[in-house]
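This briefing goes through a chain by topic, from single helices to the sheet and selected residues. Please keep the structure open while reading.

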Amino acid sequence: MSETEKKPKKWGCFHYLIIAALCFAILCYVAWSCLFRSIPLRISKETTYITEPLDATGKWVDYFRAMELKLYPPEMKTDDNGVRVLTRALGFGQETASPEFVKIYYEKLDLNPNVPPTHFFLEPEEYFKRAQTYKPDLYEAQKKKMYDRYVVSALDDFRNNTFLAEEEKERLIQEWESSQSPSAIEEETENIDAEVEKTLPLPMRGGMMSSGPELPQDYAAWEPNFYVDLQFYSRPWTVEENPLMEDWLNDCSPALDLIAEAVQKPAFMFPWVRLRDDDKFAMLAMLMPDVQAVRSYARGFSARANSRIAQGDFDGAFEDIIACYRLGRRAGHHGTTVGALVGLAIEGIACAIDFQFPGEKQPTAEQLRRFLDEIDNLFPRVAVELFIETERFGILETVLSIKRSAAGDSGIINTEYLSDTAPISMAISVIGVNWNVVFKHINERYDQLLAGSTTDVPFDFKPWKLLTLDARSELIAHTFEALLVPALGAAREAITRVECSSHLKRLVLAMLIYEKEHATLPPTFTVDANGKPLHSWRVLLLPYLGEDAKKLYDQIRLDEPWDSEHNTQFHTTTLGVFQCPSANKQKQVDGGTHYTVVVGNETAFGTDGQGRSSNDFKKNMILISERKDAICWMRPDEEISQTDAEFPPNKTSSGLGSFHTGGINVAMKAGGVRFISDTIDAGKQREMIVGTDGENP
């Protein structure tokens with residue numbers, strides 16, 4: 001073999017070009033695989049969560065239809081559905097809804113939208129506004145009555161003020177009465193100490209209401225909204241005081257009677273409406289004016305209940321309050337978070353209504369017992385699991401729609417409703433996504449929510465995560481969660497807060513029934529012959545709190561101390577009515593309670609084992625409150641002292657407090673339950689604790 005033959009052949013430019021082309025192709029493939037390749041979505045339990053029903057194309061899950069199948073009762077199109085009865089009688093009643101929307105809504109109830117309503121209803125606020133045009137004489141008479149009553153009330157409160165010297169108080173009152181001008185009083189009192197300024201009647205505080213426009217010199221200049229803000233119908237009232245409201249009662253009571261009947265029907269389901277079958281954002285963008293409208297019904301029940309209370313018609317008032325409770329429970333089962341929150345708000349309206357009226361007109365023990373029994377037998381409150389599942393369907397529907405839009409389906413993205421997701425859709429259309437990873441992560445997220453885990457979205461953006469398909473898909477899933485997962489944690493807390501207020505409602509009713517039968521409120525504790533504490537006030541209320549509580553009461557030896565060998569066995573007995581659901585999730589011991597009374601020389605509960613009369617205190621007095629630290633429900637000697645209770649809620653571990661955000665629930669002497677803010681004025685809080693407060697908190 002020659003030397004020439006042994007030499008290797010040299011590579012030419014052509015060979016290098018081939019190698020470069022192969023390398024470039026490999027790089028392109030890798031780049032495409034990492035950045036631009038998408039893995040199609042498989043319909044499965046792990047990804048789409050449900051596998052049927054499918055939409056008209058037969059390729060994709062129809063989440064909207066799935067929820068309709070889940071929620072609609074067999075009575076949907078019959079008069080056993082209370083919503084159908086109300087829609088026919090009152091109409092849809094939403095001027096903002098399109099004719100197409102109303103047409104579909106009526107079709108789903110098997111009703112004709114062209115048939116006029118048979119009943120009329122406006123909540124008092126709206127009725128009052130419209131009366132300015134349609135009933136001007138009554139409107140003006142109403143304004144005058146409200147103005148006079150407000151001024152008299154403000155001056156009465158001022159006269160009862162204990163902080164000002166009598167001569168200074170009288171001077172200011174005389175100037176006010178002679179001038180009727182807040183500005184004149186302001187000039188005379190601008191140098192008054194800030195603490196004294198707080199004690200002035202509202203019209204005298206620099207000429208401004210605590211929340212409202214400047215008070216003018218006479219009633220004729222008042223703005224209509226100003227009177228409405230006074231919420232005159234949210235406390236006991238008479239037609240003599242409010243002449244316009246007599247017309248409201250006559251016009252709207254038939255509708256309220258019908259609503260009270262409708263909420264007792266076997267079903268109470270609002271139709272879900274999407275304007276087009278291919279509207280893939282129907283669940284997220286769904287209008288719910290029907291659910292929102294029931295708030296006005298609740299305010300109507302509140303107004304009429306307060307009218308009946310002023311007349312001494314407590315049976316009628318309690319019927320209205322129970323109807324309001326039922327309305328809230330029914331609205332909460334709409335299936336959405338919004339529906340749940342509306343229902344809770346309505347239940348809060350019912351829970352806050354006071355039913356004690358100054359004077360001789362008071363409910364009897366038997367009436368209170370029937371009222372408490374009705375509350376105990378209410379339709380169940382919406383379960384968290386229901387609206388979490390609806391929200392899961394909503395976000396999966398949304399992500400599916402964005403996936404289809406990114407794949408080139410036309411008419412899918414509706415930026416009117418989802419402007420926040422439009423940039424995501426555009427980005428996804430040019431990069432690759434493993435849709436199975438996206439859907440799996442979202443489902444895992446909702447599984448955590450159902451298990452009660454935190455709702456914080458683990459959004460951790462790192463640029464290099466964009467380089468691999470699965471990491472990028474996880475990041476996209478987290479982005480969707482951050483944008484579209486609603487505040488389910490807040491909704492869950494709203495439910496537990498209302499459950500807490502419901503417990504306090506039952507307890508304060510039991511306490512008031514006890515007073516009817518024993519002439520005093522229950523003592524803080526019972527005592528033995530030597531004055532030693534035996535049993536807590538909670539034990540004394542057991543006979544009024546249902547059959548299970550009565551059976552427990554019969555087993556306790558009342559002549560032995562709470563911690564005797566026999567009675568100790570009941571320490572860990574769990575009674576839901578004594579436990580705040582929010583506290584249970586945070587810090588709870590077996591048999592522990594977060595409900596307390598305030599003990600002190602000036603409060604309704606003392607340390608001598610003797611009961612005190614609620615007649616010695618004003619109606620806006622706290623009887624039962626929440627506390628931050630749990631104690632055994634049977635313990636008689638560890639209630640909150642008056643000194644500790646006068647600190648703002650949640651500021652000390654030894655005082656009033658709760659695991660709710662922003663404040664605490666309290667049960668009032670007048671029977672209502674209210675939420676007191678952590679920022680409440682210290683003087684106001686003290687007045688509510690010792691029972692000298694004459695205003696609504």
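In helix α16 of this predicted model, the buried residues are T337, G339, A340, V342, G343, L344, I346, E347, A350 and C351. Helix α16 covers residues 337-352, and its 16 residues should span 22 Å at 1.5 Å a residue. The end C-alpha atoms of α16 are 23 Å apart, which agrees with that expectation.

**The chain as a whole**

- The chain holds 27 helices and eight strands.
- Of its 697 residues, 51% count as buried.
- Among the contacts in the chain with a separation of 6 or more, 73% are between residues 24 or more positions apart.
- The accessible surface of the chain is about 32200 Å², and carbon and sulfur atoms account for 52% of that area.

**Helix α4**

- Helix α4 runs over residues 82-90, and eight of its nine residues are buried, so the rest of the structure largely encloses this helix.
- The buried residues of α4 are G82, V83, R84, V85, L86, T87, A89 and L90.

**The four-stranded sheet**

- Strands β3, β5, β7 and β8 make up an open sheet, in the order β3-β5-β7-β8, with antiparallel pairing.
- The edges are taken by β3 and β8 (673-677); each has a single partner strand, so one side of each has no neighbour in the sheet.
- From one strand to the next, the twist averages 40 degrees.
- Helix α22 (residues 488-518) lies across β3, β5, β7 and β8, and runs at about 120 degrees to β5.

- Strand β3 consists of residues 592-596; five of the five are buried, so the strand is largely enclosed by the rest of the structure.
- In a regular strand, side chains alternate between the two faces of the sheet.
- In β3, G592, H594 and T596 point one way, while T593 and Y595 point the other way, and all of these are buried.
- The edge position of β3 leaves one of its sides without a neighbour in the sheet, yet five of its five residues are buried.
- β3 pairs with strand β5 (residues 622-632) in the antiparallel sense, over four bridges.
- T596 has S625 in β5 as its bridge partner.

- Strand β7 covers residues 663-668 and pairs with β8 in the antiparallel sense over five bridges.
- Bridge partners in this pairing include I664 with I676 and A667 with V673.
- Four residues lie between β7 and β8 in the hairpin that these strands form.

**Cysteines**

- A search of the whole structure finds zero disulfides.
- The closest cysteine sulfur to that of C500 is in C580, at 3.8 Å, which is too far for a bond because a disulfide needs the two sulfur atoms within 2.5 Å.
- C500 has 0% relative accessibility and therefore counts as buried.
- C632 has a relative accessible area of 18%, so C632 is buried too, given that the cut-off is under 20%.

- F314 is located in helix α15 (residues 314-331).
- With a relative accessible area of 2%, F314 is buried.
- Leaving out residues up to four places away in sequence, F314 touches I309, F355, K361, Q362, P363 and Q367.
- The C-alpha atoms of F314 and F371 are 9.7 Å apart in space, and the two residues are 57 residues apart in sequence.

- T47 sits in the loop between α2 (13-36) and α3 (63-71).
- T47 is buried, and its relative accessible area is 0%.
- Leaving out residues up to four places away in sequence, the residues that T47 touches are L41, R42, L396, N436, F439, K440 and N443.
- T47 and W435 are 388 residues apart in sequence, while their C-alpha atoms are 8.4 Å apart in space.

Conventions: Residues are numbered from 1 along each chain as its sequence is written. This is a predicted model: local features need pLDDT of at least 70, side-chain atom pairs count only at pLDDT 80 or more; totals for chains, interfaces and linings use all residues. Side-chain values use heavy atoms; hydrogens and water are left out. Buried means under 20% relative accessible area, exposed over 50%, partly exposed in between (1.4 Å probe, protein chains only). Helices (H or I, at least four residues) and strands (E, at least two) are DSSP runs, numbered from the N terminus. The expected span of a helix is 1.5 Å times one less than its number of residues. Two strands pair if DSSP finds at least two bridges between them. Contact means heavy atoms within 4.5 Å. Accessible areas come from the Shrake-Rupley method with a 1.4 Å probe; for residues, only the protein chains shown count as cover. Axes are lines fitted to C-alpha atoms, for helices over the stretch in contact, and angles run from 0 to 180 degrees between N-to-C directions.
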